[in-house]
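Please look over the sequence and the model below. The paragraphs after it take up a handful of places in turn.

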Amino acid sequence: FSLTNGIMAVLSGPDHRFEFVNSAHIRLLGKDVTGMTVHEAQPESTSAIEILDQVYKTGESAHFFKFPIKIGTEVRYFDFIYSARLNSESQVDGILTLASDVTEHIEAKSRLEKEVDSETHLRLLVQKQQDWLESILNRLPFVVLLLEPKTGRALFANETAKWLYGDDVIKRDTDARFSPLLSIADAEGNPIEWSQAPSARAVHGEKIIDVEFIAETKDGKHNF
């Protein structure tokens, strides 16, 4: 038992004097407390002492999980069992204690929960900023389209773009999304295939600056 990974001790008498402690118990307290009472060895561990008193008095075992116990100046968490020891006359004359220190598990879980909370807060903040930006872009009197490179899939369209291309512009596929809705011509009125339209060329990596074109919809022609 002295080499078991669990923290083990045998207490005797109503004052809970350490009769035996294993190496894990010695590592926990930083000393061998054999012969000392729990109060002498751990005066700060009042909650544990109260439970020991109850077990000794009633003879009923106590089971706890993730229970905080103060060790020195530090609070650590334990899964443990306190089991009454009976003498030949079936009277309680001591207590067997077996515990597992789960502090690192508790702290790791707490850190993870804080990280999740932080990530959630960050996502909400980003969403709030995105909503604010979209509200500004939706008020602009000119077309604003955010297109996915190569595919041409519309990721965002402001209200002006939806008016021009249709409310479902976000849902349509690739280069064909605009061609059924309008015809495109250059500044001189020469028809342009959709694949050569400025936005389609930009989607495929071409730098487009100061290019004028004419888009015709059912509402008439619009110069861009």
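This is a predicted model: local features need pLDDT of at least 70, side-chain atom pairs count only at pLDDT 80 or more; totals for chains, interfaces and linings use all residues.

**A walk through the model**

Ala62 is buried, because its relative accessibility is 10% and anything under 20% counts as buried. This residue lies in strand 3. Setting aside neighbours within four places in sequence, Ala62 is in contact with Ile51, Val55, Phe80, Ile81 and Tyr82.

The protein chain has an average pLDDT of 83, and 88% of the residues score at least 70. Confidence is highest in strand 2 (residues 17-21), with a mean of 96, and lowest in strand 11 (residues 220-223), with a mean of 68.

Strand 3 also holds Lys66, and the strand spans residues 62-71. What is the phi of Lys66? The value is near 55 degrees, which is positive, and the residue is not a glycine. Most residues other than glycine have a negative phi. Lys66 is partly exposed because its relative accessibility is 41%, a value between the limits of 20% and 50%.

A positive phi of about 55 degrees also occurs at His16, again not a glycine. His16 is found in the loop between strand 1 (7-12) and strand 2. Is His16 buried or exposed? His16 is buried, since its relative accessible area is 3%.

Next comes helix 5, which covers residues 159-165 and includes Thr160. Thr160 has a relative accessibility of 16% and therefore counts as buried. Which backbone oxygen does the side chain of Thr160 reach? The side chain reaches the backbone oxygen of Leu140, at 2.8 Å. With neighbours within four places in sequence left aside, the contacts of Thr160 are Leu140, Pro141, Phe142 and Val143.

Leu122, Leu125 and Val126 make a nonpolar patch of about 250 Å². Leu125 sits in helix 4, which runs over residues 103-137. Its relative accessibility is 37%, so Leu125 counts as partly exposed. That value also clears the cut-off for a patch, because patch residues need over 30% relative accessible area.

Technical notes
Residues are numbered from 1 along each chain as its sequence is written. Side-chain values use heavy atoms; hydrogens and water are left out. Patches are made of residues with over 30% relative accessible area and no salt bridge: like charges are joined within 9 Å, nonpolar side chains (Val, Leu, Ile, Met, Phe, Trp, Tyr) within 5 Å. Accessible areas come from the Shrake-Rupley method with a 1.4 Å probe; for residues, only the protein chains shown count as cover. A salt bridge is a side-chain nitrogen of Lys or Arg within 4 Å of a carboxyl oxygen of Asp or Glu. Helices (H or I, at least four residues) and strands (E, at least two) are DSSP runs, numbered from the N terminus. Buried means under 20% relative accessible area, exposed over 50%, partly exposed in between (1.4 Å probe, protein chains only). pLDDT is the predictor's confidence in each residue, from 0 to 100. A polar contact is a pair of N or O atoms within 3.5 Å; within protein, one must be able to donate a hydrogen and the other to accept it, and residues adjacent in sequence count only if both atoms are side-chain atoms. Contact means heavy atoms within 4.5 Å.
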